Amino acid sequence: MENGNTENTEKPAQNGGAPPQNGNGEMCMSLNAVNKWYGEFHVLRDINLEVCTGEKLVVCGPSGSGKSTLIRCINRLEEHQEGRISVNGIELNDDLKHIDEVRREVGMVFQHFNLFPHLTVLQNLTLAPIWVRKTPKNEAEEMAMHFLKRVKIPEQAAKYPGQLSGGQQQRVAIARSLCMKPKVMLFDEPTSALDPEMIKEVLDVMVELAREGMTMLCVTHEMGFARTVADRVIFMDEGQIVEENNPEDFFNNPQNDRTKLFLSQILSH
Amino acid sequence: MAGAVFTPIAARPAPAATVGALGWVRANLLSSPINALLTLAALYFAWKVIPPSLDWLFFNATISGGTVAECKTAGEDGLIVDAPGACWTFVKVRFLQLMFGLYYSGNLDQVWRPVLMFALFVGLMIPLFVRSFRKKLLLGAFIVFGFPFVAYALVHGEWLGLPVADTDQWGGFMLTFFLASVGIVGALPLGILFALGRRSQMPVIRAFCIFYIEMWRAAPLITVLYMASNLLPLFFPSEVDFDKVARAMIGITLFQSAYTAEAIRGGLQALDRGQFEAADALGFGFWKKSGLVVLPQALKISIPGIVNSFIELFKDTTLVLIIGLFDLLNMAETASRSPEWKGYDLEAYVFTASVFFVFCFGMSKYSQALERKLHTGHAR
Amino acid sequence: MDDSQQQQPAALQPPKIPWRRDPAVRALFFQGALIAALLWAIVTVAGNTARNMEERGIKIGLHFFDDVAPFSIPLDFFPFWSFTLGESLYWEVFVIGVQNTIIISVFGIIGATALGFFVGVLRLSPNWLVAKFAAAYIEAFRNTPLLLQLLFWNFAVFLPLAPPPRQSWTLGESFILNKAGLYLPNPVLTGIGTVIFTVSAVAAIAAIIAMRKWAKKRQEETGKPFPLFFASLAVLIAAAVLALLFAGEQVSFEYAELKGLNYRGGARLPLIAFALWFGLTAYTAAFIAENVRGGIVAVAKGQSEAARSLGLHHGATLKLVVIPQAMRVIIPPTISQFLNLTKNSSLAVAIGYPEVVNVWAGISLNQTGQSLVIMAMTIGVYWVLSLLTSAALNYYNTRVQLRGR
């Protein structure tokens, strides 16, 4: 892992052979026989998934396969009806205290950024630290500037989200989540609302984040990103996990016909 | 090479507690303790309000007979008191008066004239809502610009050699209908002109149109009606004489034209810039551009806005009560103050309110549906 | 090359446009025509008016302002400017009318805003029954004429249901409701009491301002939040209690008492004013409730999802994310509703509340025949109010406009 890192400082994309070890093996998140319905529609069917600390998962699949619903359940933005989900040993159930605790530990990045348009970039970043973590304002602002530097837009701090480009907005959204010092980051198609030339700047930030050891769960169709950083790739269809493998085997030697069809469709051009 | 074949797990029905009637009750009425408490409070409120209202409106109400005696009953100590329910007999007996005013309720042999007028109107309106009917525009134009003359000829009678019902004898729902219709029809051409003028490049014309529109919008309708009845006669040579109804109609039309102009301006603003540019590129002049390209589209988009302002106008026609015209509300009030039916004003108000509610609610639902339809039509 | 050089001077000269195709000439022509038509209309109307007024023997002017108004204003009850029969002049009638318009509008705006926000939030309640009741209220009140509602409340509800003075509904000695109106105790301050109450009110406000500053500073230094709202409430209550302790003897309440057939004394809100306030409030609240619902719905669902996923709980999400954004949508149409309510208060003429249209455009116009001056002044009042409203709207819009690219 060490030599992998030094080697990859310039070109992180070529690390095919040695995927980073799955963190320290400590369990971070587990989903056990999770089922969810939207009305009569059975959207998640018997999902079993375990994620270790430091692990990076990429979830892909056709639209309507339930992949977004899956990660929204981990943050309790959606409620599951059967099975158990626990994050950092906290079980997600109707207990509001548990939900609050989990949300503090889990950061989420949305497809459409969902920045608060009435607040400046800096205020977007300090809102949750001040009101949830009770951080003094000055400290919160220092931390916000630190993360803005990491996503390479400290000069935009005083602007409003509407004044930024899509790529800049998504980077602000990532920084906003990082300000809560989360243990896990969830990404819900973070690049699919962006113009092509802005996708790279967001992916670069995510690659860097992965390299620092963040536990990540990404719903994305960026297969280059999956090859680069993922420890495991999960393919979902019709509300269930069809195939789960390391990126090399997943892309080069898919086991399931359904996966092959999907890969041939998205990689054909 | 052949990989495993994907066989999806069969979808199971959702847990019974989350779907169907039970799931609905859980999600909508009992989702939290506070929610359950709210449900209890709402049920208690409903129990307190709905059954007594229904009793008064229907179950204990009287509609038979034709005299006030039907609505009286012997009280405990033998005295004659009001029956516990509504006295719809009153509305029934005075129905013609409430609908067509005093002239027609007094001349029963002539009632066919307003009845025919309303029947014609409804008959003409129906094809507008039939999808397959092709000549909607032509029919619409006739209803707006031709039908008022037919209606006037029938109801007034002079042109057709019928017994004359002068405007000061018009009343009831018929007068409400006339005031609102004349207001909206007369306001349409004025509104189009002022909406175009407000977007004009010429400063004097634009300033005049802004002044005109904002002047009317700032004044309450009642002051406009006072003005129409007090100032209008002063502004014209003394030979010109408007009756009360005509004065109110002029006031309402001018007032409404400002609101119509704003609704149309909304449509003009919503119109894609490309339409103006395309018309310019085709070499159209101002009138051709407006008449052939801009207005047909802008008017279509502004129909919901115009309907909404018509609803407001329809309700506001009741204000003519204050300047002494006998519209539906004033007629109902007057009837409930008559010596015979004294004390039945609640019935008069409830009846009038239901008539207005049916029309306004229907039109607002129609306008909302139209808005949705136009919205989807313009979506990418 | 030579060719183009030779043509250059010709191209530099502006081409001759026939005057009737020149846009500038056309614009001048149309605008000139409009001005001429307006002038002609004004001159004609002015001439007709002068002739008609002369025929009726009325001299246009403001001279009648200083005449004694030969009528009494019903329900003259607000203390700022009172009317005395046989002494008060016409211009005072106007002032009283404007005063009563403003007073009923202010109280109506307060009531309608409170009720409208309440109903609007109920309309979005997750409880189906509550949401449906709120919807029924909104539709019923929006789709029937306001004038009908005012007549209904006044003549079918409050007048017949309120008891005669001898059988008044009372709550202790403080609240008395009967056909004449609602009586409340009238606070009377004497001697040093006035000073003490003023001082304590000022001190309380100063304390709250200081507390705000301190709470902000403490948050910035230590991160500890401070329950500002409840603390402010406590300060206000404490100030009132202290003032009562020190100056209790200087304060007395004048209660209404039954003398003969009627109550005398106390502060009286006539039943008609109450009915008007009630009707205007209930009607306008239905429109404001729709604005509130629309504003909250307009805040994208992703906004509260983002706030919740950052760990903000429900209350904080509403307070910090949803409400500030919803307000931008809610406030402009609500300010227009305030203006509508003010304009609608003119319907009070139908139930006899003495606002400006009633006493000025109605009674005074009939008495003097000065229709031109009186109508101009009446409409002028509403123009001023409407200009003030649009100024407020513009100020608000420029202040809160979301900045975008």
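## Nonpolar cores

Beyond its neighbours within four places in sequence, B:Met117 is in contact (heavy atoms within 4.5 Å) with B:Phe147, B:Ala151, B:Leu154, B:Val155, B:Met174, B:Phe177 and B:Phe178. The model is predicted: local features need pLDDT of at least 70, side-chain atom pairs count only at pLDDT 80 or more, and totals for chains, interfaces and linings use all residues. Residues are numbered from 1 along each chain as its sequence is written, chains are lettered from A in the order in which they are written, and side-chain values use heavy atoms, with hydrogens and water left out.

B:Met117 is also among the residues with the most contacts inside the largest nonpolar core, together with B:Met174, B:Phe178 and C:Trp360. That core has 139 residues. Helix 8 (residues 172-198) of chain B gives its largest share, twelve residues. Helices here are DSSP runs of H or I, at least four residues, numbered from the N terminus. Another core, of 50 residues, lies apart and includes A:Phe113, A:Leu125, A:Val207 and A:Ala226. A nonpolar core is a set of buried Ala, Val, Leu, Ile, Met, Phe, Trp, Tyr and Cys residues joined through side-chain atoms within 4.5 Å.

## Aromatic pairs

Over all chains, the structure holds 51 aromatic pairs. Rings of Phe, Tyr and Trp (its six-membered ring) pair if their centres lie within 6.5 Å; planes under 30 degrees apart count as stacked, over 60 as edge-to-face and the rest as tilted. B:Trp24 and C:Trp128 are edge-to-face because their planes stand at 70°, with ring centres 5.2 Å apart. This pair crosses between chains, from helix 1 (residues 20-28) of chain B to helix 4 (residues 128-142) of chain C.

B:Trp24 is partly exposed at 37% relative accessible area. C:Trp128 is partly exposed too, at 37%. Buried means under 20%, exposed over 50%, partly exposed in between (1.4 Å probe, protein chains only). B:Tyr103 and B:Tyr104 also pair edge-to-face, 5.0 Å centre to centre with 90° between the planes. B:Tyr103 is buried at 10%, and B:Tyr104 is buried at 1%.

## Charges over rings

The charged end of A:Arg176 sits over the ring of A:Phe116, 4.6 Å from its centre. The criterion is NZ of Lys or CZ of Arg within 6 Å of the ring centre and within 35 degrees of the ring normal.

## Chain C and chain A

The contact takes 28 residues from chain C and 32 residues from chain A. One salt bridge links these chains. A:Arg72 forms a salt bridge with C:Glu305, with the closest N and O atoms 2.5 Å apart. The term means a side-chain nitrogen of Lys or Arg within 4 Å of a carboxyl oxygen of Asp or Glu.

Conventions:
Helices (H or I, at least four residues) and strands (E, at least two) are DSSP runs, numbered from the N terminus.
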